[in-house]
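I open this notebook to record what I looked up in one model. The entries follow the order in which I consulted the structure.

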Amino acid sequence: MRKIAVIGAGKIGATAARLLAGCGDYEVTVIDANAQALAGVDARAKTAAVAIDSAAALKAALAGCFAVVNAAPYHLTVAVAEAAKAAGAHYLDLTEDVAASRVVRDLARGADVAFIPQCGLAPGFITIAAWDLCKHFDELHDVRLRVGALPRYPSNALNYNLTWSTDGVINEYCEPCEAIVEGRLREVPALEECEEFSLDGVTYEAFNTSGGLGTLCQTLDGKVRNLNYRTIRYPGHAAIMKALLNDLGLRNRRPLLKDILEQAVPATLQDVVIVFVTVSGLKDGRLMQETYVNKVYAQVIGGEMLSAIQITTAGAVCAVLDLLADGKLPARGFIRQEDIPLADILGNRFGRFYAGDTPQALRAAE
């Protein structure tokens with residue numbers, strides 16, 4: 001069995017470890033500095049209490065690993081990627097942080113292993129789905145990516161529950177967002193350009209957030225008129241977050257904002273992930289539009305209730321790891337999400353989670 005290190009024992013890291021250890025093809029070790037977090041890891045995986053920010057300790061812990069799945073907070077991305085390269089292990093992560101992803105891309109130059117960042121939901125699966133639609137057109141006009149991880153039963157003024165990393169949410173609400181506007185690559189501010197739309201009779205809002213496009217801006221630069229990514233929430237959420245971050249100045253006091261949110265906003269496993277991609281352009285001389293829409297709900301897998309964001313994020317990175325292990329992806333250098341065929345992801349035992357709670361998807365996690 002191939003040895004895999006999962007860095008981070010949070011919600012997503014623990015779920016990825018559960019899926020990988022449960023399939024029987026990988027020997028999984030979960031690495032985290034928090035012994036309490038490690039205590040909750042699936043018993044089929046090994047654990048190691050290691051200071052992730054210690055380069056020497058982390059490199060030693062990664063010795064002999066086939067691959068590293070980085071599910072640690074975004075500010076540790078570079079440290080884990082450097083340790084993986086030093087240990088000669090393939091590297092995969094879930095980060096939405098634009099600056100860290102650029103460093104990972106630089107580390108991939110001349111590497112003897114593969115570097116595959118941004119393998120989660122957004123960036124990740126959303127990029128793969130969008131690129132698949134883009135290939136259907138002779139000339140691209142507008143590419144719009146929308147993703148949301150939402151509570152099914154919102155009950156507070158934010159219309160929101162914590163479903164994944166609080167650090168990640170704050171980061172994507174604060175950092176600049178890449179986009180292509182009228183043919184020009186630009187940075188646009190987070191929480192702006194709020195729009196409303198309806199899907200299946202429910203009204204949502206969507207607004208700019210950072211990192212969701214992955215490398216798609218660079219891939220489509222000069223090839224599309226407009227390209228943007230926006231996060232989906234229920235109406236009213238963006239206005240409150242703008243007041244907290246801008247009017248109260250909490251964008252400059254992120255640890256305080258994290259503490260406030262985690263003390264006041266409950267987590268939930270009853271969530272839904274919405275993936276919504278729309279592409280328009282010319283096809284055989286006609287102006288056409290194609291749309292990919294999918295909803296994934298929380299479900300019981302292997303006897304445990306998992307949230308939709310756990311399933312989609314961990315499922316995506318596990319599917320990419322499978323493709324790498326099966327030789328379906330290059331074994332060295334930088335690999336974009338656009339390099340991964342949508343059909344391969346959906347045909348994979350973990351990628352099938354995007355089809356909902358089908359018998360095949362449930363069996364894959366047993």
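Entry 1. I began with Ala179, which stands opposite Arg186 in β9. I take helices (H or I, at least four residues) and strands (E, at least two) as DSSP runs, numbered from the N terminus. β8 and β9 pair in the antiparallel sense over 5 bridges; two strands count as paired if DSSP finds at least two bridges between them. The hairpin of β8 and β9 has 2 residues between the strands, and Glu182 takes a positive phi near 50° there.

**Entry 2. Provenance and confidence.** I note that this is a predicted model, in which local features need pLDDT of at least 70, side-chain atom pairs count only at pLDDT 80 or more, and totals for chains, interfaces and linings use all residues. Residues are numbered from 1 along each chain as its sequence is written, and side-chain values use heavy atoms, with hydrogens and water left out. The mean pLDDT of the chain is 93, and 97% of its residues reach 70 or more; pLDDT is the predictor's confidence in each residue, from 0 to 100.

**Entry 3. The open sheet.** I traced 7 strands that form an open sheet with parallel pairing, in the order β3-β2-β1-β4-β5-β6-β17. β3 (46-49) and β17 (333-334) stand at the edges with a single partner strand each, so one side of each is left without a neighbour in the sheet. For β17, I found that its parallel pairing with strand β6 (residues 114-116) runs over 2 bridges. Phe334 of β17 is the bridge partner of Phe115.

**Entry 4. Pockets.** On a 1 Å grid over the protein atoms alone, a cavity is a set of points where a 1.4 Å probe fits but cannot get out, and a pocket is an open set with protein on both sides within 12 Å along at least five of seven lines; lining residues have an atom within 4 Å of a point. Grid points are joined across faces, edges and corners, and a volume is the space filled by probe spheres set on the points.

The largest pocket holds about 950 Å³ of space. Its lining has 41 residues, of which Ile12, Ala71, Trp164, Ser165 and Thr166 lie nearest the centre. Which element gives the most to this lining? I found that α7 does, with 4 residues. The lining residues divide into 20 nonpolar, 13 polar and 8 charged. Here Ala, Val, Leu, Ile, Met, Phe, Trp, Tyr, Cys and Pro count as nonpolar, Asp, Glu, Lys and Arg as charged, and the others, Gly among them, as polar.

The second largest pocket has a volume of about 160 Å³. It is lined by 20 residues, and Glu178, Ala179, Val188, Asn228 and Tyr229 are those nearest its centre. The elements that give two or more residues to this lining are β8 (177-181) and β12.

**Entry 5. Cavities.** I found 2 cavities of 30 Å³ or more. The largest cavity has a volume of about 50 Å³, and its lining includes Arg102, Arg105 and Glu178. Helix α5 (residues 98-108) supplies the largest share of that lining, 4 residues. The lining divides into 1 nonpolar, 4 polar and 3 charged residues.

The second largest cavity contains about 40 Å³ of space. Among its lining residues are Leu158, Tyr173, His237 and Met241. This lining has 7 nonpolar residues, 1 polar and no charged.

**Entry 6. Backbone notes.** I recorded a cis peptide bond between Ala122 and Pro123, with omega about 5°. Pro123 lies in the loop between β6 and α6 (125-134). Glu193, although not a glycine, has a positive phi of about 55°; this residue is found in the loop between β9 (184-188) and β10 (195-199).
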